[in-house]
Amino acid sequence: MDPNAIKKAVGDGLLSFPVTHFDSENKFNEAAYREHVEWLAGYDASALFAAGGTGEFFSLNPSEVPLVIRAAKAGAGKTPIISGTGYGTSLAVEIARSAEKAGADGLLLLPPYLMFAEQAGLVAHVKAVCQSVGIGVIVYNRDNAILSADSIARLCDACPNLIGFKDGVGDVDRVIEITTKIGDRLVYVGGMPTHEVYAQAYFAAGVTTYSSAVFNFVPALSQRFYRALRAGEQKTVDQILKDFFFPFVALRNRKKGYAVSIIKAGLKVIGRDPGAVRAPLTDLTAEEISVLEAIIEANDVAKLAAE
């Protein structure tokens with residue numbers, strides 16, 4: 001997909017990250033994953049991020065990424081597929097090229113492995129990935145890869161196919177500085193864990209789309225919340241936050257790594273089991289799954305999720 005086309009698609013509505021399905025031997029379950037992507041595509045996501053953070057990019061072998069992308073493209077219909085890439089620069093370039101060859105419409109550049117780096121090094125890293133492919137790239141500000149507004153501006157000048165900025169830091173002042181300095185040169189995406197609880201603050205900063213992890217198992221509720229947010233229907237926004245998202249986040253915060261594990265558990269609750277998470281993540285306990293089931297049932301979203 002042309003970089004400008006994927007930029008427009010990303011900015012047009014709600015986004016999501018499909019989980020990656022594994023079988024009983026913890027191998028990629030292509031058929032189940034393709035079916036899941038097809039189901040999600042029916043709920044009008046503007047784009048789906050395959051092999052992203054919620055898709056356990058960090059636990060995938062680089063050779064598995066193009067397999068995931070091909071399966072996602074096979075199930076997504078007209079919905080654009082954006083692939084994760086990351087680690088050190090050489091490996092990120094290799095994964096980016098393999099994803100492009102597999103049919104990815106764009107890339108999400110996740111933070112490099114382990115190391116903190118100066119702005120010059122981060123700029124060189126992003127530039128190398130952008131210049132290695134012809135598809136659009138979204139850079140993810142998070143953890144050890146936090147680019148300044150000036151660095152983003154330099155990258156925009158050097159890389160025509162840098163089309164987006166995703167924030168997972170939560171520093172709204174920095175986001176406002178970047179959106180003010182860069183303007184509509186980029187599309188801006190909210191990327192905090194369970195971003196719905198941060199969405200109102202980000203909307204005020206000019207970031208009007210985000211990636212929804214819970215879209216995996218409650219897509220209808222996710223879209224209802226997003227539409228209410230865009231329409232300024234504060235009563236509906238507050239009700240869904242209070243009844244669903246706040247209890248959900250409390251459960252998610254019980255243990256490290258549950259931001260991914262709880263999404264797979266949600267799919268299990270609604271009868272669409274994606275398999276276990278890969279180590280080093282751990283799955284929810286039986287008691288925690290019961291709590292999640294109660295949250296879903298209390299919000300009358302189980303029926304919506306199973307449609």
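Which residues do ring pairs link into a cluster? The cluster consists of Phe217, Phe225, Phe244, Phe245 and Phe248. The model is predicted, so local features need pLDDT of at least 70 and side-chain atom pairs count only at pLDDT 80 or more, while totals for chains, interfaces and linings use all residues. Residues are numbered from 1 along each chain as its sequence is written, and side-chain values use heavy atoms, with hydrogens and water left out.

Rings of Phe, Tyr and Trp (its six-membered ring) were paired if their centres lie within 6.5 Å; planes under 30 degrees apart count as stacked, over 60 as edge-to-face and the rest as tilted. Phe57 and Tyr87 are stacked, because their ring centres are 5.1 Å apart and their planes are at 25°. This pair links distant parts of the chain, 30 residues apart: Phe57 is in the loop between strand 2 (47–50) and helix 3 (65–76), and Tyr87 in the loop between strand 3 (81–85) and helix 4 (89–101). Helices (H or I, at least four residues) and strands (E, at least two) are DSSP runs, numbered from the N terminus. Phe57 and Tyr87 are both buried (under 20% relative accessible area, 1.4 Å probe, protein chains only).

Phe217 is buried, with a relative accessible area of 0%, and Phe248 is buried at 1%.

Charges also sit over rings (NZ of Lys or CZ of Arg within 6 Å of the ring centre and within 35 degrees of the ring normal). The charged end of Lys166 is placed over Tyr140, 4.5 Å from the ring centre. Arg272 lies over the face of Trp39, 3.9 Å from the ring centre.

Conventions
Buried < 20%, exposed > 50% of the residue type's maximum accessible area, 1.4 Å probe, protein only.
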